[in-house]
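Please find below some notes for a first reading of this structure. They are set out as numbered points, and each point may be checked against the display.

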Amino acid sequence: MKNNYIMMLLLCLATACGEKSKEKKEGTFEETKAPHIVFVTGEEEYRSEETFPMLAKLAKRELGAKVTVVYSVDSLGFIDPNRRDHIAGLEALNTADLMVVFMRFRNLPEQEREYITNYVESGKPIVGFRTSTHAFKYENDSTLTEFNAAWPAKVFGQQWITHHGHFDDGKFPVTNVTIKGDQATNPILNGFSEFEAYSWLYHVDGGNWKLQGDSEPFLMGHSTKSQHEMNGKLEEFSLDNPVAWTKSYTGTSGKKARVFFTTLGHPYDFKLTPMRKLAMNGMYWALGKEDDIPKDGVNVTLDEPFLPNNSGFGQKFKKNQKPITNF
């Protein structure tokens, strides 16, 4: 009888410890299931319709994740990043554990916009790239203008301000990316090495501007060619600015979401190991899996060639491409 009591006590203790180990980190997904990651592409400049499927395949391979990629499409169902008023498949966010977003000046109808904003308000994690500082652009409805600047600033940490100029697009790197002095032990930087990026530097902090909320930069960029330098405006727009940071966002749910953001995102950056490692490590962190990031970073070796088109507006995207949503 005494032995049975002891065994029952040990069983209860083990169960309690097990339940405690399953407790979810605030702003992350439930650790007991494979995450569902939804990649939202909706910009016409940086070929996210090509880079996000590549990242989705890595996320599926390394995280065992269910992945969904959604795109701007035309009336015939072909990928058309120039279409600003429609992103097909956003309802996938209803079951997402992580939203990864690369948008620019979208004028989405209410239902599609609400798939995104409802996810953001849920307190689930978010990863954002570059032009998502200006994800929306509503010009003809004064009730929606908050989405143009105030919304990305509070969610991602900053709105669109300016950059240092379209120099040598895709020909030569124009931004030196370095680790911020006190951030060397940040787990997102596991296996990361400083590199030269093709992304021209965005201004997000300094002069009349400051990163918002509890944003904590861990990578800095130095512009090697600058229109602002040519115009004598470096007091307003420094040659050095954060290019990656983490922050939190607490929405209407009252839950604090983890947010990882980088202003990098030129398609040729993603051909480089450090950029892919930054993106994948950032997803792990957002999901609360920073303890699972290997010391040399997430494996970002590609299983197939990645040959994206260069950045640029107009018709520079690959034509007649049907969406591949699931991998």
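1. **Asn-299.** The note begins with Asn-299, which is located in the segment that follows H6. The model is a predicted one, and the values below should be read accordingly. Apart from its neighbours within four places in sequence, Asn-299 is in contact with Leu-58, Arg-61 and Glu-62. Asn-299 and Phe-313 are 14 residues apart in sequence, yet their C-alpha atoms are 32 Å apart in space.

2. **The chain as a whole.** Six helices and 11 strands make up the list of secondary structure elements in the chain. A compact globule of 327 residues would have a radius of gyration near 20 Å, and the value of 21 Å for this chain agrees with that. Along the principal axes, the C-alpha atoms fill a box of roughly 85 × 50 × 45 Å. Of the contacts between residues at least 6 apart in sequence, 74% join residues at least 24 apart.

3. **Surface and charge.** Of the 327 residues in the chain, 53% are buried. The chain exposes about 14,900 Å², and carbon and sulfur atoms supply 51% of this area. There are 38 positive and 42 negative side chains. The centres of these two sets lie 4 Å apart.

4. **The nonpolar core.** Which residues have the most contacts inside the largest nonpolar core? They are Phe-39, Val-40, Leu-55, Leu-93 and Phe-129, in a core of 83 residues. Helix H6, residues 273–286, contributes the largest share of this core, namely eight residues. The contacts of Phe-39, not counting residues up to four places away in sequence, include Phe-52, Leu-55, Ala-56 and Ala-59. Phe-39 also touches Val-67, Thr-68, Val-69, Val-70, Val-100 and Met-283.

5. **Ile-37 in strand S1.** Strand S1 spans residues 36–42 and contains Ile-37. Is Ile-37 buried or exposed? The relative accessibility of Ile-37 is 0%, so this residue counts as buried. Beyond residues up to four places away in sequence, Ile-37 touches several others, among them Ala-59, Leu-63, Val-67, Leu-98 and Leu-287. Ile-37 and Leu-93 are separated by 56 residues in sequence, while the distance between their C-alpha atoms is 8.6 Å.

6. **Helix H2.** Why may H2, residues 48–63, be described as largely enclosed by the rest of the structure? The reason is that 12 of its 16 residues are buried. Among the buried residues of H2 are Ser-48, Glu-49 and Glu-50, as well as Phe-52, Leu-55 and Leu-63. The cover over the buried residues of H2 includes S1, strand S2 (66–70), strand S3 (98–103), S4 and H6.

7. Arg-47 belongs to the loop between S1 and H2. The phi of Arg-47 is near 60 degrees, a positive value in a residue other than glycine. With a relative accessibility of 0%, Arg-47 counts as buried. Asp-168 is not a glycine either, and its phi is positive at about 50 degrees. Asp-168 is found in the loop between strand S5 (162–163) and S6. Its relative accessibility is 22%, so Asp-168 counts as partly exposed.

8. **Two exposed loop positions.** Where does Asn-140 lie? Asn-140 is in the loop between strand S4 (126–129) and helix H4 (150–156). Asn-140 has a relative accessible area of 80% and is therefore exposed, as the exposed class is over 50%. Asn-140 and Leu-98 are 42 residues apart in sequence and 31 Å apart in space, from C-alpha to C-alpha. Ala-184 is placed in the loop between strand S6 (175–179) and strand S7 (195–197). With a relative accessible area of 56%, Ala-184 is exposed. Ala-184 and Leu-219 are 35 residues apart in sequence, and their C-alpha atoms are 9.6 Å apart.

Note on methods
Residues numbered from 1 in each chain as written. Predicted model: local features only at pLDDT ≥ 70, side-chain atom pairs only at ≥ 80, totals over all residues. Heavy atoms only, no water. Helix = DSSP H or I, 4+ residues; strand = E, 2+ residues; numbered from the N terminus. Buried < 20%, exposed > 50% of the residue type's maximum accessible area, 1.4 Å probe, protein only. Contact = heavy atoms within 4.5 Å. Core = buried A, V, L, I, M, F, W, Y, C linked by side-chain atoms within 4.5 Å. Rg over C-alpha atoms; globule rule 2.2 N^0.38 Å. Areas by Shrake-Rupley, 256 points an atom, 1.4 Å probe, with all protein chains shown as cover. Lys, Arg positive; Asp, Glu negative; His and termini not counted. Charge placed at Lys NZ, Arg CZ, Asp CG, Glu CD.
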